[in-house]
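Thanks for coming. I will go through one model today, starting with a strand pairing and ending with charged pairs.

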Amino acid sequence: MKLRVAAAQIKPAKADYAENLRTIGGVLGAVSLWDSPPDLVLFPETIMSGLFVEAGVRECAVTAGGLCNDLAAMHSAVGAPPLDVVVGFYEEFGNRYFNSAVYVTLDRGEPLIRHVHRKVFLPTYGMFDEKRFVNHGRSVSAFDTGWGRASILICEDVWHSVTGALAALDGAQIVLVPSAAPARGIGPSPESTEDGIPRPASVRTWERMIRRVADENGVFVVLSQPVGFEAGKAFQGGSAIVAPNGDLIVRAPAFDEALIVADVDFDAISRTRTEEPMLADLENQFAGLLELSGSESGVVQFDVEGPSYDVSQAPTPGTYPVVESPEVTDPLAIDPELTARWLEAFIEDEVVRRRGFEKVVVGLSGGVDSSLTAALAARALGPENVIGVRMPYRTSSEDSLEHASMLAEKLGIELVTVDISAAVDAFLKAADDQADETRRGNVMARMRMITLFDLSAKHQALPLGSGNKTERLFGYFTWHGDDSPPINPLGDLFKSQIWALARYVGVPEGIVTKPPSADLIRGQTDEADLGIPYPKADRILHWLLSGYRPSQIVDFGCEVAEVELVRTMLNRTHWKRHLPTVAMVSDTAIGESYLRPKDY
């Protein structure tokens, strides 16, 4: 038997059930126009809301029955042929909340719910805190469909080898993996890809993972990942379909929306399991293992109550592309092509899609950070939508002004100059004309932010920040000054990575190689202020953030005094990387109990 399977790689709208339902309708409308529509379409994890909604789970959660009724109405509205869909969502069931995926058959009548899988393994580390907001699922099992048996594993479920084995032992022929894995890893790949397209390390990791599940258990594996951004976290795409022998059948691109499709032949399962009888060995030796899976024996439990949405206005069918290295020793090495593409997509998503702006303003100091920010913005939005702003004080370096002008001309962006000398001097004369250079520098930094935000209002252009990761970790910035813009594409790149990326995008070499300076005091340089060169600082910071002890970092070739200097500066500036401290006097404190991500 053959089955035509598709995986949808799309962008969810944050906490907007109705909009995401329309997006799914667009996908169903698109596949209905194909000469050979799929039998099954897999959508990503939590596609109905986005992944990182924190305590907003309670507002985003719906019942499986309510969701499937809406899917059935949308399916009819777009005139799609009969098909099965798998949709990830936050579920309210039995007075609890789950990260779930439902398998439903849509055939112009009542939806037939075949199975609801509730995510078993909930990551609570790094950027994840799922256990705080949803409950664990308790079973991994296969279930019957109109064509055979399938199993669903959500995201981290598939990382544990036992889950794939339990699904296969229960008769699964296809393991469906809705996932929403944030992208990580911008280092150059130690592997080559058939198409030569750079991908984040996490895409390559996921591909290896699902190929292992397929190969070990003799099953097809279909992975669906979203794309887009949630509060700066990039979703990588890289959806894929893998054969029972572990061979890759088709993969989607990184970061772009797409539909991937493949015809899977179940005879391949028989051939693979005959040639490599590992599943049979497992079944023979551990016959009782299946009982641990908590198989529901075909009983699907779900709640029906839930809001319904008017889908009488069917969405237009979506347009989606259809997709029928040496060892790295430097821990801070990046793939500049991948990194540039990633940050350009971030800028476009945050500026245009999420915040509704067309233009941006960038303060051009003449340094490499602001130059790189402007260059990335021009590539992402077009140079006509980028306004560079020079904001000199009377002591500013002439080189800085010339470099900012040279960059603006090279990029073809508009250049505005606002001299802040009179404003700074007037404030200091009124406040304290004996202020020292540090105070004067802080006033200059904050005056520049006043200027940028005022020009933002004038031009309806969003301010972009340009502070790099090294500066942020050292607290080497003016609080509520140069850290104020709402979007910062460079904030997770160390200074040495900034230099590499700046060269790749064509920032003039004179800007890249000149000594970095805040240019608040004549003759000032960053490295003199910090007491350590950026390349050394970046490596020590990298190892500290990666969990290594100072003694281990010394063993990597760093000086004891340098490690202690970096560690001290890092530890004494945590407060600068957070919003103001608020006294908690209630059990609904903002940011503690009332938790919503910034893009909710």
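Val175 has Val221 in β9 as its bridge partner. The two strands involved, β8 (residues 174-178) and β9 (residues 220-224), run parallel and share five bridges. Strands here are DSSP runs of E, at least two residues, and helices are runs of H or I, at least four residues, both numbered from the N terminus. Two strands count as paired if DSSP finds at least two bridges between them.

Before going on: this is a predicted model, with local features requiring pLDDT of at least 70 and side-chain atom pairs pLDDT 80 or more, while totals for chains, interfaces and linings use all residues. Residues are numbered from 1 along each chain as its sequence is written, and side-chain values use heavy atoms, leaving out hydrogens and water.

Back to the sheet. It is open and mixed, with six strands in the order β6-β7-β8-β9-β12-β13. β6 (142-144) and β13 (248-251) are the edges; each has a single partner strand, so one side of each lacks a neighbour in the sheet. From one strand to the next the twist averages 20°. Angles run from 0 to 180 degrees between N-to-C directions, with axes as lines fitted to C-alpha atoms, for helices over the stretch in contact. Helix α5 (residues 201-217) packs on this sheet and touches β8, β9, β12 (240-242) and β13, contact meaning heavy atoms within 4.5 Å. The direction of α5 makes about 155° with that of β9.

Next, the cores. A nonpolar core is a set of buried Ala, Val, Leu, Ile, Met, Phe, Trp, Tyr and Cys residues joined through side-chain atoms within 4.5 Å. Buried is under 20% relative accessible area, exposed over 50%, partly exposed in between, with a 1.4 Å probe and protein chains only. The largest core has 63 residues, and Val360, Leu376 and Leu501 have the most contacts inside it. Helix α9 (residues 368-381) gives the largest share, eight residues. A second, separate core of 50 residues includes Val177, Met209, Ala240 and Val250.

Last, charged pairs. There are 28 salt bridges in the whole structure, each a side-chain nitrogen of Lys or Arg within 4 Å of a carboxyl oxygen of Asp or Glu. One of them joins Glu45 and Lys119 at 3.0 Å, N to O. Both Glu45 and Lys119 are buried. Another joins Arg118 and Glu91 at 2.7 Å, N to O. Arg118 sits in strand β5 and Glu91 in strand β3 (residues 83-93), 27 residues apart.
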